[in-house]
Amino acid sequence: MNNILVTKEVTKHFGKHIALNNVSLEIPRNSIYGLLGPNGAGKTTLIRIINQITHPDKGSVFFGGEKLKAEHIAQIGYLPEERGLYKNMKVGEQALYLAQLKGLSKSEAKKRLKFWFERLEIGNWWDKKIQELSKGMAQKIQFIVTVLHEPKLLIFDEPFSGFDPINANIIKEEILKLKEKGTSIIFSTHRMESVEELCEYIALIHKSEKILDGKLSDIKKAYKNNIYKIGLQTPNGDALLGELSGKFKISASDYNTVEQQLDFTMQFPGKETGEILSYLASKGNINSFVETIPSANEIFIKTVQSKNNNE
Amino acid sequence: MNKLFLIIKREYIAKVRNKSFVVMTFLSPILMVGMGVLIAYLTKINDNEKSIVALLNESDYFSNEFLTTEGTSFIHFNEINLETAKDSTLKMGYSGLLYIPKESNLEQVVARSFFYSEKSPNTSLISRLELVFQDRLREKRLQNLGVSTKDFSALKVNYAINTATFNGKQNVKGINEIKAVIGGAFGYLIMMFIIIYGGFVMRSVIEEKTSRIIEIIISSVKPFQLMLGKILGTSLAGITQFIIWILLGSLLMLVALSFLDIELSALQNGAELTASINTALPTVDQTMQVYAQELLDIPWFTLLSFFIIYFLLGYLIYSSIYAAIGAAVDNETDTQQFIFPIILPLMLAIYVGFFSVFSNPHGPIAVGFSIFPLTSPIVMLMRLPSGIGEGGVPLWQLLTSILLLIVTFIGIVWLASKIYRVGILMYGKKPTYKEIFKWLKY
């Protein structure tokens, strides 16, 4: 069984509104899986179904090969996007309470909390109340509470919102460490920078439907459009540029007349690059030739736009 | 089960540790007893103020009819004229001057008598004086008709109609009211408990929503468990508060009584005094005995058992509605439109109870409201002191009422938990009834 979680044709309605329409996903074990999509696409609904907060109208969810059931809750850790803590409760008591709700014994929870509090250097917060802490500080505690029961599957919904860059980095490191230890992680976000860094797999959800999923590197390969960034030392760059733009799609061109340096991005008509390259080489000295790989953000925007255009 | 216990424990601790809760718990009985003491004290002062009335009696028709009573004493002026009497009354600071002139007959005397006072006179004093004149006049007129003074005093009557049930048990006038008041006290207790602690449940739900912890929690427990735990935890805190109120209240009452020098023995003496008066008046004594018997006859055990049943069911119904409201809204200001329809049946129950059950505990209105599930916990308890079965609440009514209440309880809790489940995850919208109705279908 290579997948920690599988959803099969999950559909969910809220009245007349369809929140999820036949969404099937396969989330591989021990990977970081990015669940992407614009706001309101249905990501949170899907996550809530996985957490058994709501139930699908149609379709099924399998956790580690078994049909999802109540006992699985203890094996899932969930950091919701809308998150907070009791304002009037002390940090330590609160963390203990939430850990016990996840099924940990009091003594075990205490032991693990101590470990995590020291690890994130917040040992002296135990007796503080949440209202005395900043938002970022509270987020650290929420993170600890999410991972404390050592779940097999962790679900983070916009985990970095509310963190300053330093703490966001600490949390990112922790997430990567958890992955190394064998935890599978679902990472829901609409911020693409973090996706590039962390995710091996992604699924793109748009208007209640999955429109794209797979290994990020495969997707990127598929979305490559034979676009190359070329640097060329040539005495008559402007003329060459004019000639090329008649035949190919050229963008972001710049010719520095003093240094006789021509930089441009060009889409090749096919995978074959040799002929054009040798032509270019005859015109001057090629000093850079790089294939541009689309960023997750570009793929995201492109897919969503083409989807919108098709409708 | 273990999780439910954890939730109950947290809710309970969070509630009893809350500063305003602690303050209310200990301050309320102090305020209540303090208020009682203040009222008692003020009444005592008021009672202690005796009005002294100067009496200038020139006629022969009155001699010692004006007796010093608890609130009034009379100073007799002799052989001075009216003007001097007025002056001295004013100077001495008496409440007033009663002037009875010398005339040839009583009718004239009465017609010309005056009560002079600086301020407008105390009505109870005036009516007491009037009573003396009336008695004297009646006596005189009866004398003219040939009835002697002795016969006249023998004529005084004190009568109350005897009432009984058909099976011969003696009934007492007013006992229905007393019974209804006892039942009403229980009903009122239920209403207060629902309003106070239902509100607590609601606020606690809203707090979880606004602090955004709700989704973290319901990824570990079922929303229904959370709702139930919240209601039970808050109720336990409420019961704790009630017990402290009762204990502290009675303790303070004892302290206050001894402080006020109204010793319990004095009260007992008073009781003995009334008892000795009562022996002199056999009819009154009998009545008292019947009252006492009736109070003893109130099925206290039944009443208490049903109080617990109605209390639990009624409270659970209402507090789950409160929980649903808390889940539906984002902040407390939005709750008003939803709270009013809840308070309405409670208020109705209390008022219908007091107006209709008092006068006729088994009339159609009383029966109807004691069966209708949203009012039955209060109204039925007002009817129950008269017992079950003959002369009391018919068994079928009691059973129907409880059965309906249980069905309603299941229905409402089911509906409320649906609203709760959807509502707690809805942010930023002020819901309408229509929307909440839609949630039921999610």
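Trainee: Which strands does helix α3 of chain B lie across?
Mentor: Helix α3 (residues 82-92) of chain B lies across β1, β2, β3 (96-100) and β4 of chain B. Its direction is at about 160° to β3(B). Axes are lines fitted to C-alpha atoms, for helices over the stretch in contact, and angles run from 0 to 180 degrees between N-to-C directions. Helices (H or I, at least four residues) and strands (E, at least two) are DSSP runs, numbered from the N terminus.

Trainee: What should I know about the numbering and the model before we go on?
Mentor: Residues are numbered from 1 along each chain as its sequence is written, with chains lettered from A and ligands numbered from 1 in the order in which they are written. This is a predicted model, where local features need pLDDT of at least 70, side-chain atom pairs count only at pLDDT 80 or more, and totals for chains, interfaces and linings use all residues.

Trainee: Back to that sheet. In what order do the strands come?
Mentor: The order is β2-β1-β3-β4 in chain B, an open sheet of four strands with mixed pairing. Two strands pair if DSSP finds at least two bridges between them. The edge strands, each pairing on one side only, are β2 (72-77) and β4 (114-116) of chain B. From one strand to the next, the twist averages 25°.

Trainee: How many bridges join β1 to β2 in chain B?
Mentor: Six bridges join strand β1 (residues 51-57) of chain B to β2(B), and the two run parallel. For one example, B:Val53 has B:Phe74 in β2(B) as its bridge partner.

Trainee: What about a sheet in chain A, what is the strand order there?
Mentor: Chain A has an open sheet of four strands in the order β12-β13-β11-β14, with antiparallel pairing. At its edges are β12 (249-256) and β14 (285-291) of chain A, each pairing on one side only. Neighbouring strands of this sheet are turned by 15° against each other on average, direction ignored.

Trainee: And which residue is the bridge partner of A:Asp254?
Mentor: A:Asp263 in β13(A). β12(A) and strand β13 (residues 261-267) of chain A pair in the antiparallel sense over six bridges.

Trainee: Which helix lies across β12 and β13 of chain A?
Mentor: Helix α8 (residues 237-247) of chain A does, running at about 175° to β12(A).

Trainee: Changing topic: how is each chain divided into domains?
Mentor: Chain A has domain 1 (3-221) and domain 2 (225-291), and their centres, taken over C-alpha atoms, are separated by 46 Å. Chain B has domain 1 (2-32 + 175-272 + 279-439) and domain 2 (47-151); there, 55 Å separate the centres, again over C-alpha atoms. Domain bounds come from an automatic or database domain assignment.

Trainee: How many residues are in contact between chains A and B?
Mentor: 21 residues of chain A are in contact with 18 residues of chain B. Contact here puts the C-beta atoms, placed from the backbone, within 7 Å. On the chain A side, the largest share, four residues, comes from α2(A). That side divides into 11 nonpolar, six polar and four charged residues.

Trainee: What does α2(A) pack on in chain B?
Mentor: α2(A) packs on helix α1 (residues 2-17) of chain B at an angle of about 160°, with the axes 9 Å apart. That makes α2(A) roughly antiparallel to α1(B). In this contact, A:Tyr97, A:Gln100 and A:Leu101 meet B:Lys3, B:Leu6 and B:Arg10.

Key
Two residues are in contact if their C-beta atoms, placed from the backbone, lie within 7 Å. Ala, Val, Leu, Ile, Met, Phe, Trp, Tyr, Cys and Pro count as nonpolar, Asp, Glu, Lys and Arg as charged, and the others, Gly among them, as polar. Angles under 35 degrees count as roughly parallel, over 145 as roughly antiparallel, 65 to 115 as roughly perpendicular and the rest as oblique.
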